[in-house]
2 protein chains.
Amino acid sequence: MQHRVVIGLNAVVTALMGGEPHVLCVRREDGWGLPYGAFDPVRHRTFEIGMRDFVSRQTALTLGYAEQLYTFGDEGREAPLASLSGGEASDRIVSVGYLALSPEAGSTGRREVAWRSWYDHFPWEDRRRGDEALGPILDALMAWAAGEASRQARIALAFGQAEEGWQEERALDRYELMYEAGLVPEAERDGHAGGRRMADDGAMTSDHRRILATAIGRLRGKLRYRPVIFELVPDPFTLSDLQEAVEGVLGFCVHKQNFRRAVEATGLVRKTGETAQGTGGRPAALYARARVPVTAGLGLTLPRLRAECA
Amino acid sequence: MQHRVVIGLNAVVTALMGGEPHVLCVRREDGWGLPYGAFDPVRHRTFEIGMRDFVSRQTALTLGYAEQLYTFGDEGREAPLASLSGGEASDRIVSVGYLALSPEAGSTGRREVAWRSWYDHFPWEDRRRGDEALGPILDALMAWAAGEASRQARIALAFGQAEEGWQEERALDRYELMYEAGLVPEAERDGHAGGRRMADDGAMTSDHRRILATAIGRLRGKLRYRPVIFELVPDPFTLSDLQEAVEGVLGFCVHKQNFRRAVEATGLVRKTGETAQGTGGRPAALYARARVPVTAGLGLTLPRLRAECA
DNA sequence: CCTACTTATGCTCTAGTTGAGCAAATATCC
DNA sequence: GGATATTTGCTCAACTAGAGCATAAGTAGG
C-alpha cells in the first residue's frame, strides 16, 4: 500500500538550566533533532498520553505541563524522517507537535539525548545582550529582499523595525524569513539558495527547527496571559529567579522594580517568610505559588523590548 | 489491517450575515456537523490545500483567510464519523481542524449545507442582550459542582465570576464545563449524566461542537492582535458595519466613540470619501482597508465586556 | 569594626491609555 | 418644521505603565 499516512509525535521539552531555557534534543546522524515517536492508536487514548509515554521511555524524564502546538503535514518533510519511523519513503509523515514544560532539567539518561540552549539554535532570538548581532542578519535579509517591497515589509514587521517594535512571540515569522532567505542550515539541505548561515549548529532534522520556533513563540505569547512561568520555576523562588526565567524565555530584560510590582499585583505568589542565602547582597525573600485564588489575574503584565540588560 | 489511522479535515467556515457570525454546517442523519473531508496525501501537498479543495467541491464557496486550529485525535471521537470516512469502526480518525473566513455568506449550493448562526449552537456565548440567559446555566453548573471547590473555581474563571471578568476567548473552557456537566446535547449521546440541555439544536456530529468552540475562541482572541476582522467585512464599510461585525464575533457590545477612536488609531483604514445612504440618520463615511503601512498597529484595542448593548 | 560593593525592596513622578459621556452635525420620517 | 436616529468631534477623569531615586540588608576585604 503506497502513500500511507503515518502519524508521529514531536515534543519540544523545555526546562531552565541556570535561568537559561533549554530544549531536549536528540543527536542523530543528520544533526540535532527533537524527540520523536510514532503514534500508536491501540496503546494511546490521546496524543498527549502517547507523547508523555515515548518521552518517558526515551529519556528518564517526567513531564509537567503540556499543550498541543501544531500539526505539521506538508509534503517534503518526511524524507529526513523515513528512517526514524520505519516507514517507506513514499509515506506521508504527519507530526503532531507538543510543547512540554519541566520544572527541572534532569539527567536525560542517554548519551545521545542532551539539553541544548534555545539560543544555540536561535541566536537572533536572544536580545539580552543588545542588538549588535542583529545587524548582519538584517543586512543579509535586506539583500535577499532587494527591491521587493513585500519581503521588506515582512522583514520590518518580524524584526521589529515597524511601529510596534520587536514582538518576541513572532519567532516563527522570523524563522520563516531566515529559511526563505537561505540563512539557516536547513535551507541549503533543502536546496534553497544559501546565503551566509546565521546559526552554526548544523542542520536540524526535518522541520524540527520550525517546530522549535513555533514552541518558542507560543510559550512567549502565553506568558502574557497564563501563569505558565511557574511550570518552569519550582517553589520556592525569589523574585529575581522568576525574573531571570521570564527574561530567558522572552529573550530580553525587564525593569526590575516594575517586574516585582506586576508579579505581586497578580496575587499568584505569596511570601514564604524565608529568605535566600548567598546572593552576594541583601537576601531575597522567598516566594511560592499561591493556591490560586479565584480573584487572581491570569498572567503577568509584561513590557515589550526596550533596551538591553543593565 | 486493524486500527489504521485515518486523517480527516474539518473546516469551520465563518462569514457574516447581517452582522451575525455564521458557520457553514452540514445536515446529516445524526444532526448538524461541520464540513468534513478525508485528507489524501497523494493529491494534497498540504492540509490547507486539501481543506480548500474539499470545501470548494462540497459547497460552491471560495475561502479567504485560513488557519489551522487544532488536531483532534482522542479515542472515541471516531464512532460517529465512521460512515463519513468510509473506514472501519476500528480505525482511529484524526481530524485536523481549520478556521476559514469568508467575506460573504454566499449560496452554499446544496440543500443539506446551510449557514447557521454561531449562537444557535452557543447561546451562552452571546452577551449582547444582557446576561439574564446566563442565570439558569450558572445555576445548573453550580448544582453539578456542588461541594467541589475545583469545579467551582473553573466555573468562576470560565464564566467571568472572577476578577478578570468575562473573557470572550474562553469559549472552549465554557463548552468543556457544559459538556462535563451534561448540559449540551452531545453529553447525553456520549453517555454522560444529562442535566437540562442549554442548547436545543440537537447533538452535533462527533466532537464538532467542540471544534466550533475552539474556532470561536481562537477568532475572538485573534481580533485583539491581528486585523482579521477585515477578512469578514469587505470594502467599503462604515465604522458602524465594522463595529457590528466585531460585536457579533466578540458576543458583546462596545462603546461607539471609543471604538472609532481605536480603529482610526490603527492606521488600518482610510476614508474613501463616499458616504453610505439610508442609515436612518446622518450618513456614515465609507472606509476601506488601507494598504497596510508598515507603521501600522496590528490589531484593534478592544475593551472587555462591560454591559449589554445600548 | 569599617568601607566598598552588591542585590533587594519601597516609593514617587510623569506620560500615555482607556472608559465614559456631552454635544453638535446631518440625515430620515411624519 | 419638528421629532427622531445615527454619525462624529471632543473633553475629562481614572488608571496603567515606564523610569528612576532612595534606602535596606547582606557579603567581601582590609
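Modeller: H10(A) gives the most to the surface near DNA strand C, with four residues; a residue is near a strand if one of its heavy atoms lies within 4 Å of it. This is a predicted model, in which local features need pLDDT of at least 70, side-chain atom pairs count only at pLDDT 80 or more, and totals for chains, interfaces and linings use all residues. Residues are numbered from 1 along each chain as its sequence is written, chains are lettered from A and ligands numbered from 1 in the order in which they are written, and side-chain values use heavy atoms, with hydrogens and water left out.

Among the 22 residues around DNA strand C, those that come nearest are Ser240(A), Lys256(A), Arg260(A), Ala285(A) and Gln257(B). By class, the surface has seven charged residues (Asp, Glu, Lys and Arg), five nonpolar (Ala, Val, Leu, Ile, Met, Phe, Trp, Tyr, Cys and Pro) and ten polar (the others, Gly among them).

Polar contacts (pairs of N or O atoms within 3.5 Å) involve both parts. For Gln257(A), a polar side-chain atom lies 3.2 Å from a base oxygen, while a side-chain N or O atom of Gln257(B) is 2.5 Å from a base nitrogen. The elements giving two or more residues to this surface are helix H10 (256-266) of chain A and helix H10 (256-266) of chain B; helices are DSSP runs of H or I, at least four residues, numbered from the N terminus.

Notes
Polar contact = N/O pair within 3.5 Å; in protein donor to acceptor, adjacent residues only side chain to side chain.
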